[in-house]
Amino acid sequence: MTSQGPVPDEAAVHAAFARVEAELAARWPESRLDPTLERIEALVDVLGSPQRSYPVVHITGTNGKTSTARIVDALFQSFGLRTGRSTSPHLASVTERISIDGDPISPARFVEIYDDIAPYLEMVDAKLPIPLSYFEVLTAMAFVAFADAPVDVAIVEVGMGGSWDSTNVADGRVAVVTPVAIDHANYLGDTVEKIATEKAGIIKPDAVAILADQQPAAAQVLLSRAVEVGATVAREGMEFGIQERRVAIDGQMLSLQGLGGTYDEIFLPLYGAHQAQNAAVALAAVEAFFGAGQDRALVVETVREGFAAVTSPGRLEAVRSSPTVLIDAAHNPHGMRATVAALEESFHFRRLVGVVAMLADKDVRGMLEVLEPVLDAVVVTENSSHRRMSADELADAVVDVFGHDRVTVEPRLDDAIESAVALTEEDADMVGGAGVLVTGSVITAGDARLLLAGR
C-alpha cells in the first residue's frame, strides 16, 4: 500500500483559505479598473511567463463565454487532453475560477499557489503606483496552476473587454468571440463598435479567430482586426454553424456543421438556442486547435461523448422539483432575452414566479422589461454583492414595469425563495405546472445555488 502523504488538517486549510480570500479582497475589486497591461506583464515576467508554457484558447464576447469555455473544456477532455480552464466570475467559491481537467482546484492548492507567488506580488506592488488588482492576481494564479499541472491546453475566459484585460498577456492559438452586445459601457464604450474594438484585441497574429454570429457593426470591426494581424477567420453561418436543433429531455439534439464536416446526433444537456450557438462555436474552436478543415473532421463519436458530458452551472439549472426551481445567471438584457427564449422553448409552466436580485450598475429596467411577459409574479430581493441594488430600490423599478399587484419584497434571498414557492402554490391546480426562476446576476445565481443545492 502506497503512502498518500500527510492528510491536510481541515481546520488549518479553512483558516489559510480565509486568510488568502481576505488578502485578495483587500485589492482593487473587479468593478474598479485601471485599463493597462503594465502590472500583469510585470508579474508574469518575474514568474517566468507561465502563460507561454501551453497553447491557449482565448474566449471573449458579451454573453456565453463561460458556457463556451466549459464546452470547449469537455470536448478537449473527450480527446484525452489535460485541460486548464480559467473563468469568471465564480458562483460560490473563488476556486471555481481555476479548474484542472474540469474540476476546480482544491482550497489547499489555491492557498499553495497564492503563497508561492506572494513574494512576487509584493515585488511588483512595490514597483508600480497602483498595486495588482484582485483579477490580475487570480489571472496569474491560473497561469501558474496550468504550468505546474502541466496542462496540454488552457481555456482562458476574458474578464472584461479584451485588449487590456489581464488575460491578454497570453497569446491564444485560437481566439473565440461570442456575440458582442452592450455591457460594461462605462469601461468598454457605449456602442457595439467600440466594445467590439476592445474585444478584438485578443485576436493575435497567425491565430485562428472563431467568430459567433455578430451584429454587422461588430463583425466589421472583428474582421478588420483579423486582416490587420493576419489571422485566419471562421464565421458562424459561413464556415460553421447549426444545421438542425430540436428540444430533447434535459437538453437538445443538434446537427452541427463544423470546419471539417457535419456532426449529427449531438446531445447537448443545456437549454436554448443560445447554448446551441455556444456549442457550434466551441466545436469550431476545438477543430481549429486540432487543425481540422475541409474533409478533415474530428471523430464524431468522441465529439458526442464530449458534448454529452457538458455542464454549465447557473445557466437555467434546475435545482429543485415540485415546484421546479431554476437558477440563471443572466445579468444584462441580451443574456436575459436568451434565457426567456430558452424558458419558453423548453419549459411549459402554467405559473412562473421570478426571484430577482440585481446589481446597481446594470441595465435593470432593460432586464425587467424582457422578463415581464413571462412572469406571473415577482419576489424582489438582494444578493450578497457589495454592488447590489437594495430590495426597496429594485422594488421601485419592478413595480414600474410589473405593477403593484405582481410584486412582493423580501430582502433576504432565502425568504424570497420561500415566498416564491408559496406563490406558486396559491392555485392548487397550478402546482404540477409551476416554476420559480431565480435570476438577475451571477452573484444571485451563486447565492441561490449555495442555499438550494449546497454547492
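Biologist: How many of the residues of strand S14 (residues 351–356) are buried?
Modeller: In this predicted model, local features need a pLDDT of at least 70 and side-chain atom pairs count only at pLDDT 80 or more, while totals for chains, interfaces and linings use all residues. Residues are numbered from 1 along each chain as its sequence is written, and side-chain values use heavy atoms, with hydrogens and water left out. Strands are DSSP runs of E with at least two residues and helices are DSSP runs of H or I with at least four, numbered from the N terminus, and buried means under 20% relative accessible area, with exposed over 50% and partly exposed in between (1.4 Å probe, protein chains only). S14 is mostly covered, and its count of buried residues is six of six.

Biologist: Which residues point one way from S14, and which the other way?
Modeller: In a regular strand, side chains alternate between the two faces of the sheet. In S14, Arg-351, Val-353 and Val-355 point one way, and the buried residues that point the other way are Leu-352, Gly-354 and Val-356.

Biologist: In S17, which residue is the bridge partner of Val-356?
Modeller: Two strands pair if DSSP finds at least two bridges between them, and S14 and strand S17 (residues 434–439) pair over six bridges in the parallel sense. Across from Val-356, the bridge partner in S17 is Thr-439.

Biologist: Through which helix does the chain cross from S14 to S15?
Modeller: S14 and strand S15 (residues 377–380) run parallel and are joined by four bridges, with Val-353 opposite Ala-377. The β-α-β crossover from S14 to S15 is right-handed, that is, with the strands pointing away from the viewer, the path from the first strand over the helix to the second runs clockwise. The helix on this path, residues 364–371, is H12.

Biologist: Against which elements do the buried residues of H12 pack?
Modeller: Six of the eight residues of H12 are buried, so the helix is largely enclosed by the rest of the structure. The buried residues are Val-364, Gly-366, Met-367, Leu-368, Val-370 and Leu-371. Taking contact as heavy atoms within 4.5 Å, they pack against helix H11 (333–346), S14, helix H13 (391–402) and S17.

Biologist: By how many degrees are neighbouring strands of the six-strand sheet turned against each other on average?
Modeller: This open sheet has mixed pairing and the order S12-S13-S17-S14-S15-S16, and its edge strands, S12 and strand S16 (407–409), each pair on one side only.

Biologist: Which residue has the backbone nitrogen that the side chain of Glu-317 reaches?
Modeller: Glu-317 belongs to strand S12 (residues 317–320) and counts as buried because its relative accessibility is 13%. At 2.8 Å, its side chain reaches the backbone nitrogen of Gly-314.

Biologist: How far apart in space are Ile-105 and Thr-95, C-alpha to C-alpha?
Modeller: Ile-105 is found in the loop between strand S4 (103–104) and helix H4 (107–127), and it counts as buried because its relative accessible area is 9%. Leaving out residues up to four places away in sequence, Ile-105 touches Thr-95, Ile-98, Ser-99, Ile-100, Phe-110 and Ile-113. Although Ile-105 and Thr-95 are ten residues apart in sequence, their C-alpha separation in space is 5.9 Å.

Biologist: Which strands stand at the edges of the eight-strand sheet?
Modeller: Its order is S4-S3-S2-S5-S1-S6-S7-S8, and this open sheet has mixed pairing. Each edge strand has a single partner strand, so one side of it is left without a neighbour in the sheet, and the two concerned are S4 and strand S8 (232–235).

Terms used:
A polar contact is a pair of N or O atoms within 3.5 Å; within protein, one must be able to donate a hydrogen and the other to accept it, and residues adjacent in sequence count only if both atoms are side-chain atoms.
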